[in-house]
Protein chains: 2
Amino acid sequence: MILVNGQAENSIPASDRGLAYGDGVFRTMVMRRGCPQHWLQHFAKLSRDCSALGIRCPDAELLAGDVAAVGKHDPDCVLKIIITRGQGQRGYAPPASVHPLRVVMTAPLPDYPEHHATTGIKARICSMRLGWQPLLAGVKHLNRLENVLARMEWSDPEIAEGILLDAGGNVICGTMSNLFIVERGALITPDLARCGVAGVTRERLIQSAAAHGLNCLVDAIDQERLMRSDEVLLVNSIIGVWQIASLGDRNWMPGMLVQHARKWLADETA
Amino acid sequence: MILVNGQAENSIPASDRGLAYGDGVFRTMVMRRGCPQHWLQHFAKLSRDCSALGIRCPDAELLAGDVAAVGKHDPDCVLKIIITRGQGQRGYAPPASVHPLRVVMTAPLPDYPEHHATTGIKARICSMRLGWQPLLAGVKHLNRLENVLARMEWSDPEIAEGILLDAGGNVICGTMSNLFIVERGALITPDLARCGVAGVTRERLIQSAAAHGLNCLVDAIDQERLMRSDEVLLVNSIIGVWQIASLGDRNWMPGMLVQHARKWLADETA
């Protein structure tokens, strides 16, 4: 089901700046029994991301109304919300008066193989390097060609995720996930000040680790450090937590921290 | 007038990857008496840009048919063509079978003040710095948030264009234009291997300068070199050639090369 500005519609105006320039932001989350999981965090992030681009974020009540409406229709689904700056005339300058567009849409919950969440996944290192743009780093905006190009590098269905490095060779994230490594029991995640998306599940894992007495360090991770680490965790709102079992010629056994992380995030959900 | 896949429509599917990821490319050109100016160069560039993203470019005849149809309706206008990868399911991987979307739309010809093309324009240096992404550099893709953020830096209507530097402090282009400087009669334009859009009018000016015995050098230009130059020219398919008359506390008198450039491009049009 798709709602465009609250109306059941399958289309958006061709003159919307979301199409013209990727001038907008989005969120993806799980809906269960008509309830979007971790809605408050997702709405807060959506609101911060709109601010980063100078887009007026729709009211929480308005958006919650849309979400409730699609939740009645598709109670268990992946929920995606897109907010764009709205329609514009030709040219990069936003019009003096502009009305943000909101799209609320559902998709089937993905059916990942069970071993992804038990023994772990096979990953690869992508050759596409993330460029540095501090003004957009962290924001889940609609300019996602880097992710698309990286994801197009492989078609082997056995490979569940690609790891992205930045222009300086730092490990940053997966094509659709945030990344953590474990070193001697410590949790470390890359700094996202120059590129990457600071996702809600990344934030939730940092917070719930701290609540369990484990502080997460934000630090530079190069490929060698990644390969030496005791566990590599990939997280997002749809997959939850996956451990990497195989990357190039390195293999990892199921670890302890991935199990803790899964439990912490699940407890918090309840 | 708007044609979407050849049909008179004002909307595109909400699930198009052009909206979701900016997964597409575009062109903007002038239409006169129903004829798009420099169509062959524009189509060639559109086709190259599609290739850069692995998008199947629509056939020239198909697109020319759309353009002829809107040209009957709006014979003198700005013509914009958007090609996206097409509709997709959730996720960055393009579907195995995907049909590119083509949008052909018109807008009124802009009504710039006459002095823009005689005494020149007032410009500013933007503080937004272009990030480096060699895989996307040169391509006129739909990921244009950097241009949007740069254009949002000023609202003074006296300022007609903002100059963009890259992460290394090199002068690259304007928010909507390519840039040339003149030094002792020589024409120099920035290298676009790491960022910026390699526009059709830039290419035409380089070629017509060469045809008139003036080779254009592609070279690094820093702010100091820009300020020391004898003329600064901004070009695109809509504005043609503007000279910068004022930038910060530097002023330029109308130069010789801007007049030649205008004449060369006009002769070629005829």
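1. A polar contact is a pair of N or O atoms within 3.5 Å, where within protein one atom must be able to donate a hydrogen and the other to accept it, and where residues adjacent in sequence count only if both atoms are side-chain atoms. By that criterion, 16 residue pairs, both members at pLDDT 80 or more, are in polar contact between chain B and chain A. The count of salt bridges between chain B and chain A is zero, a salt bridge being a side-chain nitrogen of Lys or Arg within 4 Å of a carboxyl oxygen of Asp or Glu.

2. This is a predicted model, in which local features need pLDDT of at least 70 and side-chain atom pairs count only at pLDDT 80 or more, while totals for chains, interfaces and linings use all residues. Residues are numbered from 1 along each chain as its sequence is written, chains are lettered from A and ligands numbered from 1 in the order in which they are written, and side-chain values use heavy atoms, with hydrogens and water left out.

3. On the extent of the interface, 54 residues of chain B are in contact (heavy atoms within 4.5 Å) with 54 residues of chain A. The area buried between chain B and chain A, that is, the accessible area (1.4 Å probe) that two parts lose on being put together, summed over both, is about 4,200 Å², and carbon and sulfur atoms give 69% of that area. Arg90(B), Tyr92(B) and Leu145(B) supply 20% of the area that chain B buries against chain A, more than any other three residues.

4. Helices (H or I, at least four residues) and strands (E, at least two) are DSSP runs, numbered from the N terminus. Among the elements that give two or more residues to the side of chain B that touches chain A are β3 (11-13), α1 (17-21), β8 (121-130) and α4 (145-151) of chain B. The largest share of that side, six residues, comes from α4(B). The residues of the side of chain B that touches chain A divide into 31 nonpolar, 14 polar and nine charged, with Ala, Val, Leu, Ile, Met, Phe, Trp, Tyr, Cys and Pro counted as nonpolar, Asp, Glu, Lys and Arg as charged, and the others, Gly among them, as polar.

5. Strand pairing also links the chains: β3 (residues 11-13) of chain A and β3(B) pair in the antiparallel sense over three bridges, where two strands pair if DSSP finds at least two bridges between them. Ser11(B), in β3(B), is the bridge partner of Pro13(A).

6. Within chain A, six strands form an open sheet in the order β2-β1-β7-β6-β4-β5, with antiparallel pairing. Because β2 (7-8) and β5 (35-36) of chain A stand at the edges, each with a single partner strand, one side of each is left without a neighbour in the sheet. Strands β6 (residues 77-84) and β7 (residues 101-107) of chain A pair over seven bridges, and Leu79(A) has Thr106(A) in β7(A) as its bridge partner. Helix α2 (residues 39-53) of chain A packs on the sheet, touching β4 (24-32), β5 and β6 of chain A, and its direction makes about 175° with that of β4(A); axes are lines fitted to C-alpha atoms, for helices over the stretch in contact, and angles run from 0 to 180 degrees between N-to-C directions.

7. In chain B, strands β11 (residues 178-183) and β12 (residues 186-189) pair in the antiparallel sense over three bridges. The two strands form a hairpin with two residues between them, and Arg184(B) in the turn has a positive phi of about 45°. On the other hand, β12(B) and β13 (residues 216-218) of chain B pair in the parallel sense, over three bridges, and Cys216(B) in β13(B) is the bridge partner of Leu187(B).
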